[in-house]
Amino acid sequence: MVCVNRRDLGLLALRVGTGAVLAAHGSQKLAGWFGGGGIQGTTAAMEAMGFHPPKHSAVAAGLGEAGGGVLLALGLATPAAGAAAAGAMAGAVAVHAPAGFFAQGGGYEYPAFLGFTAAAIGLTGPGRYSVDHATCHVFDRAWMVALAFAGSAVAAAAVVGKRTKAQPDRPREESR
């Protein structure tokens with residue numbers, strides 16, 4: 001008899017749900033699916049938000065979200081997938097931060113939740129019901145966790161820092 005582990009089922013549900021949301025969100029940026037702007041629209045939006053170079057930023061954000069989401073859903077290269085998605089969401093948090101926390105007011109609640117969830121999955125691992133498990137965790141080693149998250153943190157800090165320096169000084173909005 002096969003023993004079904006609730007923890008592994010929970011990780012599967014969390015991975016697939018989070019991965020699908022991220023993949024859909026990223027495909028809006030990359031391909032214009034689900035009412036998104038595609039690369040052209042996302043490039044224009046990135047420029048308006050102060051990300052330079054805007055096309056590279058659009059592609060990186062789309063790949064971090066869509067690619068990270070697909071990999072999370074599959075449970076493949078889970079540390080890199082979680083780190084990539086979390087890094088992409090760090091950029092989104094920086095954009096929404098001036099509007100406060102709650103999404104209702106345009107705040108960073110939603111991208112923060114997606115980023116923290118992706119990071120948690122990347123740190124925890126994919127569980128038994130995953131491609132990583134089926135391949136004996138070839139792309140899910142302890143050193144990969146450290147490398148992926150360190151690389152994502154450095155990249156996100158550099159991109160967000162460059163955007164922040166390029167932004168004109170604006171008075172901060174009052175907290176909501």
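Which residues does Met89 touch, not counting residues up to four places away in sequence? In this predicted model, Met89 touches Leu22, Glu65, Pro111, Leu114 and Gly115, where a contact means heavy atoms within 4.5 Å. The sections below place Met89 in its surroundings.

Residues are numbered from 1 along each chain as its sequence is written, and side-chain values use heavy atoms, with hydrogens and water left out. Because the model is predicted, local features need a pLDDT of at least 70 and side-chain atom pairs count only at pLDDT 80 or more, while totals for chains, interfaces and linings use all residues. The pLDDT is the predictor's confidence in each residue, from 0 to 100. The protein averages a pLDDT of 92, and 94% of the residues score at least 70. Residues 171–176 have a pLDDT below 50, and this stretch has four contacts in the model beyond near neighbours in sequence. Where pLDDT is low, the predicted coordinates should not be read in detail.

The secondary structure comes to seven helices and zero strands. Helices (H or I, at least four residues) and strands (E, at least two) are DSSP runs, numbered from the N terminus. From that terminus on, the elements run α-α-α-α-α-α-α. Along its principal axes the C-alpha trace spans about 65 × 35 × 30 Å. Of the 176 residues, 39% count as buried. Buried means under 20% relative accessible area, exposed over 50%, and partly exposed in between (1.4 Å probe, protein chains only). Among contacts between residues at least 6 apart in sequence, 66% join residues at least 24 apart.

Met89 belongs to the largest nonpolar core, which has eight residues: Leu22, Leu72, Ala81, Ala85, Met89, Leu114, Ala118 and Ile121. A nonpolar core is a set of buried Ala, Val, Leu, Ile, Met, Phe, Trp, Tyr and Cys residues joined through side-chain atoms within 4.5 Å. The elements that give two or more residues to this core are H4 and H5. A second, separate core of six residues includes Ala83, Val145, Ala148 and Phe149.

Val145, Ala148 and Phe149 are also among the buried residues of helix H7, together with Met144, Ser152, Ala156, Val160 and Arg163. Helix H4 (78–96) and helix H5 (109–124) are included in what covers these buried residues. Helix H7 (residues 142–166) has 25 residues and reaches 37 Å from its first C-alpha to its last, close to the 36 Å expected at 1.5 Å a residue. The expected span is 1.5 Å times one less than the number of residues.

Thr117 is found in helix H5 and counts as buried, at 11% relative accessibility. Thr117 touches Leu14 and Thr18, not counting residues up to four places away in sequence. Thr117 and Arg15 are 102 residues apart in sequence and 8.9 Å apart in space, C-alpha to C-alpha.

A search of the whole structure finds three aromatic pairs. Rings of Phe, Tyr and Trp (its six-membered ring) pair if their centres lie within 6.5 Å; planes under 30 degrees apart count as stacked, over 60 as edge-to-face and the rest as tilted. Phe101 and Phe102 form an edge-to-face pair, 5.0 Å centre to centre with 80 degrees between the planes. The rings of Phe101 and Tyr108 have centres 5.3 Å apart and planes at 85 degrees, so this pair is edge-to-face. Phe101, Phe102 and Tyr108 form one aromatic cluster.

Several loop residues have backbone features of note. A cis peptide bond joins His52 and Pro53, with omega about -5 degrees; Pro53 is found in the loop between helix H2 (38–48) and helix H3 (54–74). Phe34, in the loop between helix H1 (6–31) and H2, has a phi near 55 degrees, a positive value in a residue other than glycine. Phe34 is exposed, with a relative accessible area of 61%. His137 lies in the loop between helix H6 (131–134) and H7 and has a positive phi of about 60 degrees, although His137 is not a glycine. His137 is partly exposed, with a relative accessible area of 23%.
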